[in-house]
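Here are my notes on this model, as numbered points. Please keep the structure open while you read.

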Amino acid sequence: MKKKIVLTIAFAMFGFTNLFGVDGYEVYKAKCSACHIESISKADVVKNFAKMKAPPMVEVANQVKTNIVIADDDDDVHRHVVKLFIKDYIEHPKLEKSMCNPMALEKFGVMPSLAGKLSAEEIDAVAEWIYERYEGVKFQ
Ligand code: HEC
């Protein structure tokens with residue numbers, strides 16, 4: 001619990017800038033937003049599905065965060081493991097790892113690897129941003 005409080009204070013002070021001083025939202029805008037819409041309702045996804053290139057980030061965040069369950073319910077471990085999944089997926093996306101539903105995968109195909117296009121610090125910052133940005137934000 002103590003760690004959680006420290007993290008919360010750190011976020012209050014530095015926003016989404018991670019420990020390396022990289023702004024995760026800027027990374028999202030530069031490297032992910034061309035394919036992943038930041039926020040959209042399910043109803044609007046249905047209307048815009050033909051034009052979409054990937055599942056919206058609000059859906060990706062919810063999918064990954066709900067599917068990854070930590071047995072002892074520790075928030076910090078959950079954050080860590082969710083971030084690890086996202087960080088790995090950025091460089092090594094794979095059909096077998098994807099949590100997307102089969103229909104979405106059929107439409108969009110597997111994400112192309114972004115290996116070499118982001119620094120380790122940018123990858124960390126964007127994964128952190130995804131975790132924080134959608135805290136308490138449901139895809140509905
Ligand atoms: C060229 C388009 C494109 C770009 C750019 C892109 N993605 Fe994706 N991404 C996809 C597609 C398509 C999928 C859905 C298929 C899949 O799971 O591989 C996806 C899936 C994902 C998933 C897995 C979701 C799941 O539920 O399994 C994560 C995590 C993800 N993207 C993160 C990112 C991040 C972070 C960035 C930016 C650093 C990014 N993506 C940039 C196309 C893109």
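**Notes on the fold, the core and the ligand shell**

1. Start with helix α2, residues 24–31. Its buried residues are Gly24, Val27 and Tyr28. They span an arc of only 100° around the axis, so they sit on the same side of α2. The buried residues of α2 pack against α7.

2. Now the whole chain. Remember that this is a predicted model. What does the secondary structure consist of? It comes to seven helices and zero strands. Along the sequence the pattern reads α-α-α-α-α-α-α. The chain has 140 residues, and 24% of them count as buried.

3. Look next at contacts along the chain. Residues 24 or more positions apart account for 63% of them.

4. The largest nonpolar core has 22 residues. Which of them touch the most other members? They are Val27, Met57, Ala61, Ile86, Val126, Ala127 and Ile130. Helices α2, α4, α5 and α7 each supply at least two residues of this core. The largest share, seven residues, comes from α7. As a general point, nonpolar side chains in soluble globular proteins tend to be buried together.

5. Setting aside residues up to four places away in sequence, isoleucine 86 touches Val64, Ala127 and Ile130. Ala127 and Ile130 are also among the core members that touch the most others.

6. Is tyrosine 131 buried or exposed? It is buried, because 20 other C-beta atoms lie within 10 Å, and the cut-off for buried is 20 or more. Leaving out neighbours within four places in sequence, tyrosine 131 is in contact with Arg79, Val82 and Lys83. Tyrosine 131 and arginine 79 are 52 residues apart along the chain, yet their C-alpha atoms are separated by 7.0 Å.

7. Last, the ligand. How many residues are around it? There are 26, and Cys32, Cys35, Ser98, Met99 and Met111 come nearest. Helices α4 (57–67), α5 (75–91) and α6 (102–108) are the elements that give two or more residues to this shell. By type, the shell divides into 20 nonpolar, four polar and two charged residues.

Terms used. Residues numbered from 1 in each chain as written. Predicted model: local features only at pLDDT ≥ 70, side-chain atom pairs only at ≥ 80, totals over all residues. Buried ≥ 20, exposed ≤ 12 C-beta atoms within 10 Å, placed from the backbone. Contact = placed C-beta atoms within 7 Å. Near = placed C-beta within 6 Å. Helix = DSSP H or I, 4+ residues; strand = E, 2+ residues; numbered from the N terminus. Nonpolar A, V, L, I, M, F, W, Y, C, P; charged D, E, K, R; others polar. Arc of directions from axis to C-beta. Core = buried A, V, L, I, M, F, W, Y, C linked by C-beta atoms within 7 Å.
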